[in-house]
Amino acid sequence: MTADHYFSAEPAAPEVRSEIVFNVAGRDYRLTVAAGVFSAGRLDPGTAVLLRKGDLPTAAIAGTFLDLGCGYGPIACVLASEAPRAVVHAVDVNSRARELTALNAGALGLADRVRVAAPDDVPADVTFDQIWSNPPTHVGKAELRALMERWLPRLAPDGVAWLVINRNLGGDSLHAWLVDSGWSVERIASQRGFRVLRVERKTD
């Protein structure tokens with residue numbers, strides 16, 4: 001699937017829906033997917049690595065989270081399920097992805113805490129305790145970096161971002177660029193060709 005396919009605001013592909021099933025942290029998820037949305041045929045391997053290797057929030061954690069580039073909502077649904085005291089903003093430029101995320105969150109009883117929006121519709125004063133993202137690397141280095149420059153500064157002072165990047169699609173160069181841009185970055189895991197990065201503000 002090409003980048004302009006799933007990264008377009010209005011996908012041209014016919015909306016043929018199906019379901020996928022996956023397990024994260026001992027919990028089964030059944031989500032509705034459709035053509036024209038990222039990784040509609042299965043849980044994306046990078047997303048699977050992120051959810052397996054990232055430090056998922058616990059039930060004791062409250063706060064405001066961001067799923068950046070939510071697709072049909074697997075990360076948002078997992079975060080909201082694992083942390084019932086948290087609110088998750090699920091953001092995507094793709095209108096079909098947003099519709100599916102809202103549908104899936106509703107089916108899981110999470111609609112009151114998963115707030116689905118286009119990027120420009122997220123209130124400007126909202127900051128995030130956690131940002132989770134399997135960002136769209138196929139859009140190119142410049143657009144990927146612009147995405148990071150737009151959203152990472154909205155981390156709360158002690159917030160943390162969890163990113164998964166394909167090593168062969170610029171994972172190491174993004175790591176280096178984030179460090180050069182003033183962020184504290186730690187590679188938490190490297191699995192199946194993906195880097196899981198933990199990003200936070202540098203402390204003095």
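Residues are numbered from 1 along each chain as its sequence is written, and side-chain values use heavy atoms, with hydrogens and water left out. As the model is predicted, local features need pLDDT of at least 70 and side-chain atom pairs count only at pLDDT 80 or more, while totals for chains, interfaces and linings use all residues.

Helix H4 covers residues 95–107; helices (H or I, at least four residues) and strands (E, at least two) are DSSP runs, numbered from the N terminus. The expected span of a helix is 1.5 Å times one less than its number of residues. At the N-terminal end, Asn94 caps H4, with a side-chain oxygen 2.9 Å from the backbone nitrogen of Arg96. This is a polar contact, meaning a pair of N or O atoms within 3.5 Å; within protein, one must be able to donate a hydrogen and the other to accept it, and residues adjacent in sequence count only if both atoms are side-chain atoms. Just after H4, Gly109 has a positive phi of about 75°.

The buried residues of H4 are Ser95, Arg96, Ala97, Leu100, Thr101, Asn104 and Ala105. Buried means under 20% relative accessible area, exposed over 50%, and partly exposed in between (1.4 Å probe, protein chains only). Their cover includes strands E1 (17–24), E2 (27–34), E4 (85–91) and E5 (114–117), along with helix H3 (74–82).

Helix H6 (residues 171–180) has Gly171, Leu174, His175, Trp177 and Leu178 as its buried residues. They lie on the same side of H6, because they cover an arc of only 165° around the axis; the arc is that of the directions from the helix axis to the C-beta atoms. Helix H5 (141–151) and strands E7 (155–166), E8 (183–191) and E9 (194–201) are among the elements that cover them.

Ala25, in the loop between E1 and E2, has a phi of about 55° and counts as exposed at 58% relative accessibility. Ser39 is found in the loop between E2 and helix H2 (45–53), and its phi is near 55°. At 15% relative accessibility, Ser39 counts as buried. A polar atom of the Ser39 side chain lies 2.8 Å from the backbone oxygen of Arg42, and this side chain reaches the backbone nitrogen of Asp44 at 3.3 Å. Leaving aside neighbours within four places in sequence, Ser39 is in contact (heavy atoms within 4.5 Å) with Asp44 and Tyr72.

A search of the whole structure finds 1 cavity of 30 Å³ or more. On a 1 Å grid over the protein atoms alone, a cavity is a set of points where a 1.4 Å probe fits but cannot get out, and lining residues have an atom within 4 Å of a point. The largest cavity holds about 280 Å³ of space. Its lining has 23 residues, and Gly69, Cys70, Gly71, Asp92 and Asn134 lie nearest its centre. Strand E3 (62–68) and H3 are the elements that give two or more residues to this lining.

Technical notes: 1 Å grid on protein atoms, 1.4 Å probe; cavity = no way out; pocket = protein on both sides within 12 Å on 5 of 7 lines; lining within 4 Å. Points joined across faces, edges and corners; volume = space filled by probe spheres on them.
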